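Welcome! Here is a short tour for anyone meeting this structure for the first time. Have a look at the model below, then read on.

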Amino acid sequence: MRKVNEFPEKLDITITCASGVEKVVKSELVRLGYDNVPAINGGFSLSGSKLDVARLNINLRAADRVYIKLKEFPVLTFDDLFDGVKSINWENYICSDGKVLVNGKCVKSKIFAISACQSIVKKAIVERLVGRFGGSRMIEVGSLYEVEFSIFKDVCSVYLNTSGAGLHKRGYRDLVGIAPIKETLASSLVLLSDFYKDRPFADPFCGSGTIAIEAARIALNIAGGIGRRFAFCDWENFEDKYFDLAFTEAKDKETRNIKLDFLASDIDPKAVKLAKRHAERAGVLDKIRFEVKDVKNFSTDLKYGTIVTNPPYGERVYDIKEAEGCYKGLRTAYDKLCGWSAFIITSAKNFEKSFGKRADRERKLYNSNKECRYYYYYANKPRGIKND
Ligand SMILES: C[S@@+](CC[C@H](N)C(=O)[O-])C[C@H]1O[C@@H](n2cnc3c(N)ncnc32)[C@H](O)[C@@H]1O
């Protein structure tokens, strides 16, 4: 018979995010009512409940994952690792027949053999569970529990991954376009810009549509994780009521009936078709005007809008000359717009030269581990509409 203890009420929650987007995640946390959340290396840490785990997973747009931190202890030997992991009350989290997957990393530490550490961590968990629940071995046929350890400067931290797949997996993008950007990064780009839902918005290199779709979902207050399930949803002792409540709360905040002036275009008809498919699956097809268009012909009479875009970098599908042509085309289009700001991410070193204009600001970001710059070009816009 499957056995598991009661899941603890008070949890040490860790939220991870990509380097460069901490500011965005911090603002999201504050907006969700989590004030005074200290930053830690690679994310944020807070004390919360099972409902907080559900709320954070459903609502955070820019974070990577939500973890429960189980223990932190010094490790100099494999025995230290085994004893430290075995001392965690796993029976409060993992079912007697749970499938346990262990991943981890070792950095600047005496023990550094990752696969040996993985085996030790797994062995310690299984021994603890078999010791508490009885039986001679663990038959792993139940829900999946992903355990992560990080050994940094001889201190081991052990986490349970409540998200499962990364939070960028919103669920609406089912087919892959050319060099798509992660949904979490797309949201971050929008939230770092001067975008506002009552003003026009455009992505003239929309590809599979991610940036425009994320922007529309932000404008309509559609929570990032509304269309998916999370690892904790399958855990027997993590009652459904927490997901259900967080889901209902998020649904109640949606404002789907507002009109948006959002444009998305791409030179490739196949990309535009894919973007439309994803927009439909994301529930925002009627909010974005999609067009097949070369960037140099992008134009609109709408004023005081925001461009957020991810043009070719000149590395894979397009060579650097073609990418430079795209930047020049973007400048041609940009100069004809009235009062628009532009926010452009690329790894191309000579972007500003090709675009022909120094950026007002830039920020270092990573797109799939590739170091990029996010260039900000502000415009004077009439007062009266503020970012809320
Ligand atoms: C890096 S991808 C954009 C990916 C997109 N952000 C996504 O998440 O799918 C760059 C896009 O620029 C488009 N493109 C290339 N040259 C273009 C041009 N001259 N005008 C408009 N789009 C162009 C490509 O078709 C490609 O979809």
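Two strands count as paired if DSSP finds at least two bridges between them. With that in mind, β1 and β3 pair in the antiparallel sense over six bridges. Please remember that this is a predicted model.

**The sheet as a whole**
- Seven strands make up an open sheet with mixed pairing, and their order is β2-β3-β1-β4-β7-β6-β5.
- β2 (39-40) and β5 (99-107) are at the edges with a single partner strand each, so one side of each has no neighbour in the sheet.

**Around β5**
- β5 runs parallel to its partner β6 (residues 144-152), and nine bridges link the two.
- Lys 99 is found opposite Leu 144 in β6.

**Around β3**
- Ala 39 has Phe 44 in β3 as its bridge partner.
- The hairpin of β2 and β3 has two residues between the strands, and there Gly 42 adopts a positive phi near 80 degrees.
- Five of the six residues of β3 are buried, so this strand is largely enclosed by the rest of the structure.

**Helices on the sheet**
- Helix α1 (residues 22-31) lies across β1 (11-16) and β3 (43-48), and runs at about 20 degrees to β3.
- Helix α2 (residues 50-59) also packs on the sheet, where it touches β1, β3 and β4 (65-74).
- The direction of α2 makes about 10 degrees with that of β1.

Definitions and conventions. Residues numbered from 1 in each chain as written. Predicted model: local features only at pLDDT ≥ 70, side-chain atom pairs only at ≥ 80, totals over all residues. Heavy atoms only, no water. Helix = DSSP H or I, 4+ residues; strand = E, 2+ residues; numbered from the N terminus. Contact = heavy atoms within 4.5 Å. Axes fitted to C-alpha atoms, helices over the stretch in contact; angles between N-to-C directions. Buried < 20%, exposed > 50% of the residue type's maximum accessible area, 1.4 Å probe, protein only.
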